[in-house]
Amino acid sequence: VIQCKAYKKGVGKSDVIDIRDTIEHYSAQGYFLAVSSYLTTPLTEHLEKLRNGGQYWVDWWTRSEIEDRLKIHPDIVTRFPNIVRIEK
């Protein structure tokens with residue numbers, strides 16, 4: 001299951017509810033969250049707990065991880081200039 005949140009503020013636990021239920025509902029093996037800002041500490045701790053439980057694959061990218069990956073792959077920026085840009 002992949003979920004994206006485009007918020008200017010931090011993304012908190014109340015913004016991402018029922019992760020485990022969603023995974024089970026779709027018979028998924030894991031969960032990935034991509035956010036345009038950052039995660040609050042309670043959400044990060046919750047995701048780490050799910051990940052460390054070993055039952056599901058769990059990962060997340062914040063704005064900084066997304067930007068780091070785009071810097072490594074500038075071809076993506078070039079292919080999607082109306083959607084993606086790297087600020088210098």
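User: How accessible is Lys9, buried or exposed or in between?

Analyst: In this predicted model, Lys9 counts as partly exposed, at 48% relative accessibility.

User: Which residue forms a salt bridge with Lys9?

Analyst: The partner of Lys9 is Asp15, and the closest N and O atoms of the pair are 3.2 Å apart.

User: How many salt bridges are there by this rule?

Analyst: The count comes to 3. Besides Lys9 with Asp15, Arg51 meets Asp59 at 3.1 Å, N to O, and Arg63 pairs with Glu67, again with a closest N–O separation of 3.1 Å.

User: How far apart in helix H3 are Arg63 and Glu67?

Analyst: Arg63 and Glu67 are 4 residues apart in helix H3, so about one helical turn separates them. Arg63 is partly exposed at 41% relative accessibility, and Glu67 is partly exposed at 29%.

User: And what is the accessibility of Arg51 and of Asp59?

Analyst: Arg51 has 34% relative accessibility, which counts as partly exposed. Asp59 has 23% and is likewise partly exposed.

User: Moving on to Lys5: where does it lie, and is it buried or exposed?

Analyst: Lys5 lies in strand E1. Lys5 is buried, yet it has no salt bridge.

User: What is the nearest side chain of opposite charge to Lys5, and how far away is it?

Analyst: That is the side chain of Asp15, 6.5 Å away.

User: What does the side chain of Lys5 reach at 3.1 Å, then?

Analyst: The side chain of Lys5 reaches the backbone oxygen of Asp15 at that distance.

User: Which residues is Lys5 in contact with, leaving aside neighbours within four places in sequence?

Analyst: Lys5 is in contact with Val11, Asp15, Val16, Leu33, Ala34, Val35 and Ser36.

User: Let us turn to the sheet. What is its strand order, and is the pairing parallel or antiparallel?

Analyst: The sheet is open and made of 3 strands in the order E1-E2-E3, with parallel pairing. Strand E1 (2–5) and strand E3 (57–61) are the edge strands, each pairing on one side only. On average, neighbouring strands are turned by 10° against each other, direction ignored.

User: How many bridges join E2 to E3?

Analyst: Strand E2, residues 30–35, is joined to E3 by 5 bridges, and the two run parallel. Within this pair of strands, Phe32 stands opposite Asp59 of E3. Asp59 is also the residue whose side chain meets that of Arg51 in a salt bridge.

User: Which helices pack on the sheet, touching E2 and E3?

Analyst: Helix H2 (residues 41–52) packs there, touching E2 and E3, and its direction makes about 150° with that of E3. Helix H3 (residues 63–72) also touches E2 and E3, with an angle of about 80° to the direction of E3.

User: Which residues of E3 are on the covered face and which on the uncovered one?

Analyst: Val58 and Trp60 make up the covered face, and Trp57, Asp59 and Trp61 the uncovered one. In a regular strand, side chains alternate between the two faces of the sheet.

User: On backbone geometry, which residues other than glycine have a positive phi?

Analyst: Asp18 has a phi near 55°, and Ser27 has one of about 50°. Asp18 is found in the loop between E1 and helix H1 (19–25), and Ser27 in the loop between H1 and E2.

User: How accessible are Asp18 and Ser27?

Analyst: Asp18 is partly exposed, with a relative accessible area of 47%. Ser27 counts as exposed, at 64% relative accessibility.

User: Finally, the overall picture: how many helices and strands, and in what pattern?

Analyst: The protein has 4 helices and 3 strands, which follow the pattern β-α-β-α-β-α-α along the sequence.

User: What does the C-alpha trace span, and what share of residues is buried?

Analyst: The C-alpha trace spans about 40 × 25 × 20 Å along its principal axes. Of the 88 residues, 31% count as buried. Among contacts between residues at least 6 apart in sequence, 64% join residues at least 24 apart.

Notes:
Residues are numbered from 1 along each chain as its sequence is written. This is a predicted model: local features need pLDDT of at least 70, side-chain atom pairs count only at pLDDT 80 or more; totals for chains, interfaces and linings use all residues. Side-chain values use heavy atoms; hydrogens and water are left out. Two strands pair if DSSP finds at least two bridges between them. Axes are lines fitted to C-alpha atoms, for helices over the stretch in contact, and angles run from 0 to 180 degrees between N-to-C directions. Contact means heavy atoms within 4.5 Å. Buried means under 20% relative accessible area, exposed over 50%, partly exposed in between (1.4 Å probe, protein chains only). Lys and Arg count as positive and Asp and Glu as negative; His and the chain ends are not counted. A salt bridge is a side-chain nitrogen of Lys or Arg within 4 Å of a carboxyl oxygen of Asp or Glu. A polar contact is a pair of N or O atoms within 3.5 Å; within protein, one must be able to donate a hydrogen and the other to accept it, and residues adjacent in sequence count only if both atoms are side-chain atoms.
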